[in-house]
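Trainee: I have a new structure open and want to learn how to read it. Could we take it feature by feature?

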Amino acid sequence: MNTGFPISPFRLVCLFLCLASLASAQRGKQHNKSDAPFLKPAEAVAAMDVPEGFEVSIYAAEPDIGEPIAFTFDNRGRVWVVENYNYVNRKNHNEDQILSRIQIFEDTDGDGVFDTKKLFTDQIKFASGIAVGFGGVYLGSPPDLLFIPDADGDDVADGKPEVLLDGWGIQDRHETLNSFIWGPDGWLYGCQGVFTQSLVGKPGTPKEDRTFIDAGIWRFHPVRKEFEIFALGLSNPWGFDFNDVGHGFATCCVIPHLFHVVQGGIYHKQSKPHVNPYVYDDIKTIRDHTHLSAHGGARFYLADTFPEKYRDQLFMCNIHEHAVLTDVMVPKGSSYIGQHGEDFMPTNDLAWVGFSVEIGPDGGVYILDWHDTDICGNSVNFPDSGRIYRIMPKGAKKMDRPNLGKLSDLELVAMQSHANDWYVRQARVELQARLAAGRLDQKAVYAALEEQFTNAVTSPKRLRALWAMHVAGGYLGDRKDALVALLSHDDAHIRAWSVQLLTEDKKPGDDVLAKFLEMATNDKSPTVRMYLASALGRLPVAQRWAVLGALAQHEEDINDSNIPRLLWFALEPAVPQFPDKALQTALAGKIPFLQESVARRMVSGSLSESDGQGADHSAQWKRIIDEYAPGFEAFNVGKGGVIKLQEFRNGQGFQTHPKDKNTPCSLQRTVKIPADQKTTLKVRASYHPHGDWQLRILANGEVLHDQIVNYQNVKSEWLDLEIDLSKFAGKPVKLILENKANDWKNEFGYWGRIQMVHE
């Protein structure tokens, strides 16, 4: 099916002139919505700055799809698309009708345009994430994580969906469970945004036994049916992937866009305090550059169709820049520096909203475009639209259609050496599913994987064999000794991943713990030490001390991005119960952050229920305010207290909240206005993505400025005000800046800078 149409030369010229003007007006600026024209799919492609040597095809578009919120490939190379027609805006969805659906698209001739489609189900009220495997479909449909069985693979659901987990929140329809991906370790991973609160558990689980998450990366094991938090923090991550050595990376909105995500890590969190108030210093971004704030999708290019330079680069969509971008990961210590690769493909279309990225079996980069002028999802202005584009080098060889489900076990093992990681990942899921179903020739598979591991000459190839062996059950029971032996392997990445896999069950034996201690003492690799520090959080406290103490001796890790904080996250829960031992462990080490944090935790009082801050918050708040609003003091501080924003919408500042509906939080200062100079009060402020607040500026009781601060009234991410105070020249003035409640929905005030300027 061809979704394009011819465009006359005159129309094309007019189109380019119009788009050039619009793109020039918006380029480099934050915006939430625009008056962009509706471009038909072929017009949208014509407007794109497609890189030289590449071409873009319209895989699918309206009217064949609409409101596409998630997509994925199955093991036959077909595209499954979730269409969320129930979505209204971030605060609302249509709960009364069954409108949403899943469709299956197939490109049979390899030209980048689908030829056939099937309806899998239209019995969905709301959906946000999808993965295919284990004889069915995993669907994020809050409040549930569902499994829709299709054991015979006839593309017809075998019965009603099974509720695997419930309790997923939907306070923000844009930030619930999303971005599903099969991890190399056999778990299903996904993201959760900061402004949605979830209490996750199996159906019937009492509240006190459920797991709370309001921001982070989670995972679910498809065989053991276990759920756990992989990492906490971030903002609204809508992209997560693993690089060639299995390190996780997330792309985010509002806060810095790129994070190396380690198991057990706690990361920079947008606006809200951490669930654990004793984090003290979370793990920060790895980026060394700035993009506009919102990103969607994340996939490392691990295929061989694009030029070699793109191998292991991270492809992502920037929603505000309306472009496909790439970042390059440069190793540094246990982590990376995320350097900007390319502004790979500007789309020059202000209604292009890139949500997700996938790498296909043909090596093409597939982009899902929600397509709307309200790019933050606060309304739907272009209903029933949406596109999937394929980016491909010109002249690329067409592939044979895959069907990995028809391959033998040993053919699936052979796929672990494929040049396109799509085949590697799909084959690994299939091996795991066959083991779970009791249909795997284990003896033959293990022998083939051992041979593959032995013959591999690179870390990624060895890891592929290791991961496949793990998901295929090759390190269980009496075969576990083979994994323990890999703790002594020459390859640091093999040693590191062996640490993680040996702590999957949280019950390593004494022999494993003894080896961990030896590695913590002597291993030269910061990557291995990071994995050991990460693993500590999965062990009983009594088993952490020796390894933690040995890792704390590595002076070379003082400034590492991950290790000091991971050590603290593992040690902090033990401080209240074992304060002396915790202090001795920290003081005997060489990590100042660990020593400072233990001492700080020992003197921390119990938390106040009213503000969630420690007893010594006033001095801390004043230090924060003095940095961005010198001379001002805070009064009537409400929920969360005064929180420093390390990076918020590519800026810095602090956050406040009204005391209650009727009592605003206020920043106050009394100052004498010079008689012989013009004095201007400059105020920079912003708003919660899904809320608003009333900003009032008063001088000696006179209201100088009064407005609602929200996405509708502030056309960019920050409101910049200049208030002339010259009328008060020569007089003392009491200035009051109020963060006042409007409708009591996320009334957080964000302050970037408050300063007096004299001219």
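**Helix pairs, cores and loops**

Mentor: Start with a helix contact. Ser459, Arg462, Leu463, Leu466, Trp467 and His470 of α6 meet His493, Ile494, Trp497 and Leu501 of α8. Keep in mind that this is a predicted model.

Trainee: At what angle do α6 and α8 pack?

Mentor: The angle between helix α6 (residues 459-471) and helix α8 (residues 492-502) is about 20°, and their axes are 10 Å apart. Angles under 35 degrees count as roughly parallel. That is why α6 is roughly parallel to α8. The crossing of α6 and α8 is right-handed.

Trainee: How many nonpolar, polar and charged residues does the contact of α6 with α8 have?

Mentor: Sort the residues by class. The contact of α6 with α8 has 6 nonpolar, 3 polar and 1 charged residues.

Trainee: Let me try another pair. How do the axes of α12 and α14 cross?

Mentor: Read the distance and the angle together. The axes of helix α12 (residues 563-571) and helix α14 (residues 592-603) come within 9 Å, crossing at roughly 30°. That makes α12 roughly parallel to α14. This crossing of α12 and α14 is right-handed.

Trainee: Which residues of α12 and α14 make the contact?

Mentor: From α12 come Pro564, Arg565, Leu567, Trp568 and Leu571. From α14 come Phe593, Leu594, Ser597, Val598 and Arg601. By class, the contact of α12 with α14 divides into 7 nonpolar, 1 polar and 2 charged residues.

Trainee: Now the cores. Which residues touch the most other members of the largest nonpolar core?

Mentor: A nonpolar core is a set of buried residues joined through side-chain atoms. The largest one here has 145 residues, and Ile102, Leu466 and Phe516 touch the most other members. Leaving out residues up to four places away in sequence, Leu466 touches Phe453, Tyr475, Leu483, Leu486, Ile494, Trp497 and Leu501. A second, separate core has 35 residues, among them Ile625, Ala629, Leu719 and Met756.

Trainee: On to the loops. Is His174 buried or exposed?

Mentor: Look at relative accessible area. Under 20% means buried. His174 has 10% relative accessibility, so His174 counts as buried. Its place is in the loop between β11 (162-166) and β12 (178-182).

Trainee: Which residues is His174 in contact with, beyond its neighbours in sequence?

Mentor: Neighbours within four places are set aside. The contacts of His174 are then Tyr87, Arg90, Asn236, Trp238, Phe355, Cys376 and Gly377.

Trainee: Where is Ser128, and is it buried or exposed?

Mentor: Ser128 sits in the loop between β7 (116-124) and β8 (129-132). Its relative accessibility is 1%, so Ser128 counts as buried. Apart from neighbours within four places in sequence, Ser128 contacts Ile69, Ala70, Gly140, Pro142, Thr176, Leu177, Asn178, Ser179 and Trp238. Trp238 is also among the contacts of His174.

Trainee: And Gly395: buried or exposed?

Mentor: Over 50% means exposed. Gly395 is at 76% relative accessibility, so Gly395 counts as exposed. Find Gly395 in the loop between β28 (387-393) and α3 (409-414). Gly395 and Phe54 are 341 residues apart along the chain, and their C-alpha atoms are separated by 8.8 Å.

Trainee: What is phi for Lys506 and Asn636?

Mentor: Lys506 is not a glycine, yet its phi is positive, about 65°. Lys506 is found in the loop between α8 and α9 (510-522). With a relative accessible area of 41%, Lys506 is partly exposed. Asn636, another residue other than glycine, has a positive phi near 55°. Its place is in the loop between β29 (633-635) and β30 (643-648). Asn636 is partly exposed, with a relative accessible area of 35%.

Notes:
Residues are numbered from 1 along each chain as its sequence is written. This is a predicted model: local features need pLDDT of at least 70, side-chain atom pairs count only at pLDDT 80 or more; totals for chains, interfaces and linings use all residues. Side-chain values use heavy atoms; hydrogens and water are left out. Axes are lines fitted to C-alpha atoms, for helices over the stretch in contact, and angles run from 0 to 180 degrees between N-to-C directions. Helices (H or I, at least four residues) and strands (E, at least two) are DSSP runs, numbered from the N terminus. Angles under 35 degrees count as roughly parallel, over 145 as roughly antiparallel, 65 to 115 as roughly perpendicular and the rest as oblique. A crossing is left-handed if the near helix is turned anticlockwise from the far one by less than a right angle, and right-handed if clockwise. Contact means heavy atoms within 4.5 Å. Ala, Val, Leu, Ile, Met, Phe, Trp, Tyr, Cys and Pro count as nonpolar, Asp, Glu, Lys and Arg as charged, and the others, Gly among them, as polar. A nonpolar core is a set of buried Ala, Val, Leu, Ile, Met, Phe, Trp, Tyr and Cys residues joined through side-chain atoms within 4.5 Å. Buried means under 20% relative accessible area, exposed over 50%, partly exposed in between (1.4 Å probe, protein chains only).
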